[in-house]
Amino acid sequence: MRVEFYRHALDEADIEASTQTLRSVFLTTGPMCARFEADFAAYTGLARCVSLNSCTAALHLALLALGVGPGDEVIVPAMTFIASATPVVHVGATPVLVDVEPDTGLMDPEAVRAAITPRTKALIPVHLYGVMADMLALKALADEHGLAIIEDAAHCIEAERDGVRPGELGDAVCYSFYATKNLTCGEGGALCTNRQDLADRVLLLRQHGMSKEAAKRYHGLYQHWDMVELGWKYNLSDIQAALMVNQLARLNGLWEKRRAVYQAYVGLLTDIPGLWLPALRGKSAHHLLTIQVPAHKRDGLLDHMGESGIGVAVNYRAIHTLTWFREKLRYKPEDFPNAHAFGSGTLSLPFHTGLTPEEVALVAGAVRGFLGIEPR
Ligand SMILES: Cc1ncc(COP(=O)(O)O)c(C=O)c1O
């Protein structure tokens with residue numbers, strides 16, 4: 001590859017912190033997870049953080065902790081990654097997909113209003129690419145109808161919109177620390193919340209419903225543990241948490257670098273007829289750099305970029321167009337025209353803190369070349 005799609009920003013201090021954990025006695029969920037949880041809760045401004053092994057696990061446990069189950073409906077935008085919806089199926093409830101705003105790809109509050117039924121229990125707004133959904137409008141709707149909100153902030157740690165940050169208005173907010181995320185440990189996640197009851201229940205459910213986790217059993221005299229609920233095995237390890245403690249302290253600086261890369265792309269791409277970038281709302285976490293091109297040109301552009309040695313991806317084809325959703329939930333592509341159009345025209349360009357101006361120019365030049373526009 002001449003230009004990588006993504007490169008992580010782990011530095012020597014992060015690697016050293018993880019190495020120190022490897023040299024210590026305790027590898028699983030222990031003091032480093034506790035330290036990370038305290039630091040991350042402070043960063044988000046929320047009362048509690050429970051570290052987990054993925055955002056998918058966080059969404060699953062949020063639904064369980066809120067008592068969502070068979071017979072319930074949960075409203076999810078059609079323009080997202082599949083993991084925003086599949087945990088709803090895993091708890092036995094039905095994901096009810098809704099259309100998105102055409103210019104942002106974010107959950108449309110009016111579409112949500114139209115989809116609410118007496119069975120609706122919760123909303124899962126997705127802060128796509130790092131831009132927050134309209135939480136003020138969604139919170140007003142949720143309060144009007146007695147619904148819970150679980151925010152999918154897999155893309156969105158650093159954002160703010162209308163003076164509101166992720167998790168501030170929701171019952172719970174779910175984060176991903178997957179390999180390409182703004183804060184990463186390869187695979188990981190967290191659930192943050194101001195609700196003590198939810199955090200306590202998620203703590204229990206993340207480790208088999210055991211009354212004492214390993215860190216509590218390890219110190220001093222052996223203590224018996226009990227299984228008080230049917231739980232899962234969703235905890236994070238100290239090896240991974242150690243990678244994120246220093247990284248979290250650098251997060252705002254890393255964001256500044258991505259914002260500069262975003263602005264460089266904007267300067268080189270926004271004069272192209274038929275090409276546009278999703279609209280921003282408030283402060284974006286700048287997780288992904290996506291462009292929109294005419295749908296009939298998207299896959300050709302993907303191939304052209306790949307053949308030019310430039311890493312690209314699609315985030316995402318709208319989930320209601322995927323086989324499982326069409327066959328099991330009987331969705332048709334035309335059910336959500338905005339999501340279908342958005343997912344058919346989207347393409348993600350290389351985007352990370354280490355991209356040089358020369359690389360950005362090379363990527364933009366390849367896009368312009370394919371679309372028949374003179375280089376800038
Ligand atoms: C919007 C969204 N939600 C949820 C997830 C799931 O995150 P994880 O891989 O940590 O389970 C992702 C992962 O990319 C995502 O993009």
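In which loop is the place of Asp 162?

Author: Asp 162 sits in the loop between strand E5 (148-152) and strand E6 (172-176). Residues are numbered from 1 along each chain as its sequence is written. The model is predicted: local features need pLDDT of at least 70, side-chain atom pairs count only at pLDDT 80 or more, and totals for chains, interfaces and linings use all residues. Helices (H or I, at least four residues) and strands (E, at least two) are DSSP runs, numbered from the N terminus.

Asp 162 has a positive phi of about 50°, although it is not a glycine. Most residues other than glycine have a negative phi. Asp 162 is exposed, with 12 other C-beta atoms within 10 Å. A residue is buried if 20 or more other C-beta atoms lie within 10 Å of its own, exposed if 12 or fewer, and partly exposed in between, with C-beta atoms placed from the backbone.

Two strands pair if DSSP finds at least two bridges between them.

Contact here requires C-beta atoms, placed from the backbone, within 7 Å. Elsewhere in the sheet, strand E2 (residues 73-77) and strand E4 (residues 120-123) pair in the parallel sense over three bridges, and Ile 75 has Leu 123 in E4 as its bridge partner.

The chain is divided into domain 1 (12-249) and domain 2 (251-371), with bounds from an automatic or database domain assignment. Their centres, taken over C-alpha atoms, are separated by 25 Å. Domain 1 gives 30 residues to the contact and domain 2 gives 28 residues.

A second pairing involves strand E8 (residues 289-292) and strand E9 (residues 346-349), which run in the antiparallel sense over four bridges. Leu 289 stands opposite Leu 349 in E9, and Gln 292 has Thr 346 as its bridge partner in E9. From E8, Leu 289 and Ile 291 point one way and Thr 290 and Gln 292 the other way, and all are buried. From E9, Thr 346 and Ser 348 point one way and Leu 347 and Leu 349 the other way, again all buried.

Two further loops have backbone features to note. Phi of Arg 330 is near 65°, a positive value in a residue other than glycine. Arg 330 lies in the loop between helix H12 (323-329) and helix H13 (337-345), and counts as exposed with 9 C-beta neighbours inside 10 Å. A cis peptide bond, with omega about 5°, joins Asn 315 and Tyr 316. Tyr 316 is in the loop between helix H11 (295-307) and H12. Most peptide bonds are trans.

Methods:
Two residues are in contact if their C-beta atoms, placed from the backbone, lie within 7 Å.
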